[in-house]
Amino acid sequence: MRTHITAFILLCLSFQMSAQDVVFSQFFAAPMELNPALTGLTHAPRISLNYRNQWPAIPNAYITYAVAYDQYFDKVNSGIGVNIISDAEGGGIYTTNRIDFSYAYDLRIEGDFYLRGGLEAGFVQRRLDWDKLLFLDQIDPLTGTSTPMPTEETRPDNLSRYYPDFAAGVLAYSPIFYAGVAIKHLNAPDENQLNFETDFAQRPVLYSVHAGAEIALSESNKNGRRTFISPNILFARQADFGQVNIGAYAQAGSIFGGLWYRNAWSNVDAAIFLVGFQQNIVKVGYSYDLTLSQLSSRTGGGHEVSVILNFEKRGVDYNNCLDLFR
C-alpha cells in the first residue's frame, strides 16, 4: 500500500515539474544518446544495446532499454544512425518510447584536427497507464487498504501523447583530445496529458558538454587494440537539474574498466564503477552506481549493462582519441 501511495504522489508531483532525460553512466556505449555528432564512428555497422535499472531497491522506480545502429560512409564523409529507447517510470505507470534518426558530417579542419556536426530528428510516444494508478478515494480510511470501487477522478481524454523531437550537436577531435556540445529538445515539445491547458508541460531543453583525452600506454596488439587511459568529463543540465561526471576509462587488450564520480548539481550523488571485456566483434560492459548521498541505504544504487557488436575488422587505425566509443 505504501508503494502505491508513493507512486501516486510522485506522479502528481510530476505534473508540476519538468520531465528529465536519462543520462547513461556508460555514456560511451550510447554515443548517439549523448551527442548526434558521435553518429558513425566505425566504417562497418555498429549495433549497441543498453539496459539501465536505476534505484532497484525502490519498487517500480526507473528502467530504461535502448538499441541503436550506426555506421560511417567514407564517400560522403558522413555517419548515419537510428536509436530506439524505451523508458518506464513507476513500474510502467508512465512510459516513454522514442525513435531517433541521426546524421553527422565529418569535416577536416587542418592536419589531424576534425570538426563534426550532427543532427537528430525523432518521434516520441509518452503514455500514462491510468489503470495502474491508485487514488485516495480507493483507499479505506479505516484499514488503509485499497478497495475495488472505481475512482471518481477524471480520466484524461488522451492517455498517449505523440510529438516530434529534434537535437543537434558538434564535436571537435584530434588524436589527443575531443570536446563536444549537444542540445536536445530544440523544439521544447508539449507533453501535456491533462484535460486542461498548462504552461509547465513542455519538455525542457537538455544541454550537455563533454570532453576527454586519450593517453596511449602501448601500441596496438595483434587484435588491433592498444592499452590506453581516457580521462573525461560530462556536464549536463536540464531546467533546474544538473550533473557532472568526472573520471576515466581504461583499456588493456581485451579488458576495460572505469571509475567516475557524479555530482548532482550541488549534491554528492554517486561513484560509478565499470568493468568489461572486448572479444572479436563483441564488447560487453557492466557498471554499478554506488549512491553516496543520504539516500545510500534506500536506493540500491543503479545497474547498467551494455552490449556492442562492432563488425569492423581489427587493426583499423583511426588516428583519433575516440576509441572508448567503439
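Trainee: N50 is found in strand 1 (residues 46-54). What makes N50 count as buried in this predicted model?

Mentor: Its relative accessible area is 6%. Buried means under 20%, so N50 is buried.

Trainee: What surrounds N50?

Mentor: Leaving out residues up to four places away in sequence, N50 touches F24, A29, A30, T64, Y65, A66, V305 and S306. A29 also has its backbone oxygen 3.3 Å from a polar atom of the N50 side chain.

Trainee: Why is that approach of A29 and N50 called a polar contact?

Mentor: The limit for such a pair is 3.5 Å. The distance is 3.3 Å, so the pair falls within the limit.

Trainee: Which strand holds Q243, and is Q243 buried or exposed?

Mentor: Q243 sits in strand 11 (residues 241-252). Its relative accessibility is 16%. With the cut-off for buried at under 20%, Q243 therefore counts as buried.

Trainee: How do you know that the side chains of Q243 and N245 are joined?

Mentor: A polar contact of 3.0 Å joins them, and that value is within 3.5 Å.

Trainee: How many aromatic pairs does the structure hold?

Mentor: There are 13 aromatic pairs. One of them is formed by F27 and F28, with 5.7 Å between the centres and 80° between the planes.

Trainee: What makes the pair of F27 and F28 edge-to-face or stacked?

Mentor: The centres must lie within 6.5 Å, and planes over 60 degrees apart count as edge-to-face. At 5.7 Å and 80°, F27 and F28 are edge-to-face. F27 is buried at 5% relative accessibility, and F28 is buried at 2%.

Trainee: Why does the pair of F28 and W260 tie together separate parts of the sequence?

Mentor: F28 lies in the loop between helix 1 (2-14) and helix 2 (31-34), whereas W260 is in strand 12 (residues 255-264), so the parts tied together are 232 residues apart in sequence. F27, F28 and W260 belong to one aromatic cluster, whose members also include Y178, F228, Y249, F256 and F325.

Trainee: What makes K283 a charge over the ring of F256?

Mentor: K283 lies over the face of F256, at 5.0 Å from the ring centre, and the distance limit is 6 Å. Likewise, the charged end of R326 is over the ring of Y318, 3.8 Å from its centre.

Trainee: How do you know that strand 5 and strand 6 pair?

Mentor: Pairing needs at least two bridges. Strand 5 (residues 113-128) and strand 6 (residues 160-173) have 14 bridges and run antiparallel. G122 stands opposite D165 in strand 6.

Trainee: What links strand 6 to strand 7?

Mentor: A hairpin joins them through three residues. Strand 6 and strand 7 (residues 177-184) pair in the antiparallel sense over seven bridges, and A168 stands opposite I183 in strand 7.

Terms used
Residues are numbered from 1 along each chain as its sequence is written. This is a predicted model: local features need pLDDT of at least 70, side-chain atom pairs count only at pLDDT 80 or more; totals for chains, interfaces and linings use all residues. Side-chain values use heavy atoms; hydrogens and water are left out. Helices (H or I, at least four residues) and strands (E, at least two) are DSSP runs, numbered from the N terminus. Buried means under 20% relative accessible area, exposed over 50%, partly exposed in between (1.4 Å probe, protein chains only). A polar contact is a pair of N or O atoms within 3.5 Å; within protein, one must be able to donate a hydrogen and the other to accept it, and residues adjacent in sequence count only if both atoms are side-chain atoms. Contact means heavy atoms within 4.5 Å. Rings of Phe, Tyr and Trp (its six-membered ring) pair if their centres lie within 6.5 Å; planes under 30 degrees apart count as stacked, over 60 as edge-to-face and the rest as tilted. A charge sits over a ring if NZ of Lys or CZ of Arg is within 6 Å of the ring centre and within 35 degrees of the ring normal.
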